[in-house]
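Please keep the sequence and the structure in view while reading.

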Amino acid sequence: MKKIVFTLALLLMSLSAALAQTWNFADRDPFIGDADVALINADATNWYNDATKGRYNFLSALDNAALTANGTELNFAKGLLFKCGAAVASSSGTPANQSGKIRLNYTGEYLELNGKNLVLTIPNVQKDWVVTVVCKTASKTERGLYASANVGGTTGFGTPSKSLTTCTGTVTETGNVTLTTTDGGMLIYSISVKDPNAVIPEPVDPDASNKVSNAVSRDTYKNQMFVTTNSGSVNYYNTEDLSKVTFEGDKTIVVPVKSGAENDEFDATVKELSFAKAAERGESGEVTEKGITITESKGWQESAYAKWTLLSDAKSYNVYVKGGQYADYTKVDQQLVRNYGSYGRVDIVGLKAGNYSLKVVAVDASGAETSAYGIADNLKVVNYDRQGFAHKGISDGVGAYNNDGTLKAGAKVLYVTKNTFKTIKASLSDGKKPVEYTGIGDILLAKQKGQDKTPLAVRVIGEIKTADAGDQLKTDQKGLLLKGNSETTVMNVTIEGIGDDACFNGFGLGIINGTNVEVRNMAFFNQGSSNDNMEIKGTQHIWVHNNDYFYGEKGSGDHGKGDGSLDSKDGASFCTFSYNHYHDTGKSNLCGMKKETVDNLICYHHNWFDHSDSRHPRVRTSSVHIWNNYYDGVAKYGVGVTMGASVFVESNYFRNTKYPMMISLQGTDAKGDGTFSGEAGGVLKAYGNIFAEKSKYFSYITWKDSNTSFDAYEVASPSETVPSSVIAKSGGTSYNNFDTDASKMYAYTPDAAVDVPAKVTGFYGAGRLNQGDIHYTFNNATDDADYGRCTGLDNILSSYKTGLVNIFGDESASSGESGSTGGSTGGSTEGGETGGSGSGSGEGGSTGGSTGGTEGGSTVTPIEGTVTCSFAADGTLSNTAFTLTGTKSNVKAEETVIEGTTYSASLKMETGTEVSFTTSQKMTLYVYYGTSAKNKNVLVDGTEQTGEPTKVVLEAGAHKIAKDGASTVALIKLVPVTE
């Protein structure tokens, strides 16, 4: 749901310090602030949510009073006064609760004054100030908005019209300005009052005196030098391109290697020079080929993999491993040896840190090994990073694995594929005798009573869809469920992906109660729009790491990208969420609900928030350590703190993150744009964070800036405690200093913030091995600030299909099918692997269809010849070759003259608005904008395009026009390109 908000804009830097006020009820995103919604929902006496009409109705009478809910003035209309009667039932039978005189329409984005002679008052407006109101009749008849007598020289006021009208006037005498609906109901889109004589100087660029020509973009795969200025801007240089850096007085001079290139000079503005090492890319093995060509091989985290070219006369392959816990070549489980059509692949898991050799041997039709083999030596395997709360007090490892990466003694291994998800069998104890269970869902639920403490490694192979899972999805989130009777129910379970393509497509995972659980190397996407990718409730010692999180199904309101990616709540404690990759996710991490009574000790470290939107995390009630994460073009906000939470944000790298840290109802959140929460606040401690590539919208307020309304309390060292006098503005809670309490805190060694991007995006970084088989590169210029779904990534996910053909030796299995219904027991040579992943080349699975596709796909008629598309006020399009995605109510009546023709309506571009079409030849696209357009830009196939009209040459194929800025589109025209 979008939000109507109130914006009080101080014209900073104006010598006259004049105030301007703007109430903007349209083109705002988000729309109704959480605080206002909570107040309205809690006040059934005065408010009614008419969901069928998409509006809140105010039911009581007002006599020149503020608009309130639950006794509190609402932010969206703060400062305005209203006079109206109480809601009454109409003669036509409409109930009183649907007939409020003041309506807040959250679908059409306006404030409605519903009836004649309602009065809206702007108090104490100064003489000579200008009043501007954008409004429209609430019916099909002509109506006007009437201003009080102290508003002269008017345009639009008092003039009835059917069209959207901009009314302006000048205040002749200081005093209240009243606006009256003399003719009947009116829709109010915005109101502003301002001093027309206020002088607002152009902002001064503090870095204007610098001369910069050799700086490059941030590149985590190169060693780079950072030049950070006092204003916070960061300039990047590849160290290989630099000759030296010199200093002349207060001037810093960067000298390039290239002969004849000019130096870059920074004039007394440099705050810091720092250096970042390149991301690790892994080390390839040394290959010996005796009939089998190994094309790729590397060691990873507690795993190693190899890929090889298939032989025409080989029926199958055996693979052997040597090194670490294996003194001699030892055969690996056959389920790990897979066929991808053009190549074979093995992923060996459960390995100690060290150097390993893999031997691949061809097997003929009779089952005998042939003389053809290939060996990959010197594969470097490292351990996973086990720093964090999950391992606090756990000596033998979280999940099914020891801390050295090997399986725990007696562990069972289950290989789960699309064809064994419902049929796999395992025997678990019910406390008295062994019982056989069928289906992975029922097997996991057999752990519920805690009678069977056997370590269990669930190894997922390939893509598994909702249809493959069937009735084995047991949660209210329609996902796979691991549930205990209490938070102390011992699970000893690891759920892990094998290779780079293990994924749940269409459903997620729920972990409710229980202790000692690990989830790793999995991808989650396309889950239901109201369901979480992962939901963790009431658990202890949970370790979720190296997973990929993508979009869920598109839903309404704030579920445009699905629901939560990784949510923890209801008393979850001692949790570590690390090295996860969030791909443009919407609501990434909710941490805590409203009734927790335990410490809720949780940490997030080395995660990659890759162009994601919000909740990184959003923290209620809990004690949370957030460190060494990479915030990479986060669109809304980074860390959000509410309801008495204590949060330590340490050594993170925030790249173009608008609001890196926020506390509810204070600091940045108190600026009134409704970005975060209406709940009581908490306290946030910060140390060593980097803010790079800050946009003009950047806001970060420290306690030193404002000790009553701040975003974070900055400390000089991590060991510094936060004084009890530092309290949340709303709620009055203080910081609990959990991070300096040895009885609660874990041991850790943070990386320097400058090195975080390279580490998190590198070979041993966030997400699945080699960042999985789904690769999409975001465009920072357009995607940093965009929190809609990315068309290119959306197409990949919607058409995704694994490239897995079968498991060698099981010819009945295909597309992820496994020939095994069980697995090996711990300690055996075949069960000694952990859930490592495979090659990151992307060859293991299709990355999905073309980037230019539309939701209409082949059902759209290809366009030929010159065509146009315009819009009618009822939401219909003039040309059926074009498809409108999004609410038809976004079409607004307004007259626009284009090339001598008058068009009566325009399409208002919102986050979910898309116009799709398919061309049969190369064509030039022209986009003409409506009279109310604030911006003249749109996204065409995901790329920003500007101009009046916007002009883009398109190749034959499917295309989409979507929102870039606040604009309205009156006409779309396509003209064939003649070459």
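Which backbone nitrogen does the side chain of Asp567 reach? The section on Asp567 begins with the reply.

## Basis of the report

This is a predicted model, in which local features need pLDDT of at least 70 and side-chain atom pairs count only at pLDDT 80 or more, while totals for chains, interfaces and linings use all residues. Residues are numbered from 1 along each chain as its sequence is written, and side-chain values use heavy atoms, with hydrogens and water left out.

## The surroundings of Asp567

The side chain of Asp567 reaches the backbone nitrogen of Leu590 at 3.0 Å. A polar contact is a pair of N or O atoms within 3.5 Å; within protein, one must be able to donate a hydrogen and the other to accept it, and residues adjacent in sequence count only if both atoms are side-chain atoms. Asp567 belongs to strand β45, residues 566-569. Strands (E, at least two residues) and helices (H or I, at least four residues) are DSSP runs, numbered from the N terminus.

Asp567 is buried, with a relative accessibility of 3%. Here, buried means under 20% relative accessible area, exposed means over 50%, and partly exposed lies in between (1.4 Å probe, protein chains only). Leaving aside residues up to four places away in sequence, Asp567 touches Asp532, Met534, Glu535, Ile536, Ser588, Asn589 and Leu590; contact means heavy atoms within 4.5 Å. The C-alpha atoms of Asp567 and Cys591 are separated by 6.0 Å, although these residues stand 24 residues apart along the chain.

Strands of a sheet pair through backbone hydrogen bonds, either parallel or antiparallel. In this model, 5 strands form an open sheet in the order β24-β32-β31-β27-β28, with antiparallel pairing. Its edge strands, β24 (286-290) and β28 (326-331), each pair on one side only. From one strand to the next, the twist averages 15 degrees; axes are lines fitted to C-alpha atoms, for helices over the stretch in contact, and angles run from 0 to 180 degrees between N-to-C directions.

Two strands pair if DSSP finds at least two bridges between them. Strands β31 (residues 354-363) and β32 (residues 369-381) are joined in the antiparallel sense over 8 bridges. Val361 stands opposite Tyr373 in β32.

Strands β66 (residues 891-898) and β67 (residues 901-908) run antiparallel and are joined by 6 bridges. They form a hairpin with 2 residues between them, and Glu899 in the turn has a positive phi of about 50 degrees. Val891 has Leu907 in β67 as its bridge partner.

Strand β67 also pairs with β74 (residues 968-976), in the antiparallel sense and over 2 bridges. In β74, Val969 is the bridge partner of Leu907.

Most residues other than glycine have a negative phi, and most peptide bonds are trans. Asn513, in the loop between β39 (509-512) and β40 (515-520), has a positive phi of about 60 degrees although it is not a glycine. Asn513 is buried, with a relative accessible area of 19%.

The loop between β50 and β51 holds His611, another residue that is not a glycine and has a positive phi of about 60 degrees. His611 is buried at 2% relative accessible area. Pro617 lies in the loop between β50 (608-610) and β51 (618-620), and the peptide bond from His616 to Pro617 is cis, with omega near -5 degrees. The peptide bond from Glu948 to Pro949 is cis, with omega near 0 degrees; Pro949 is found in the loop between β71 (943-946) and β72 (950-954).
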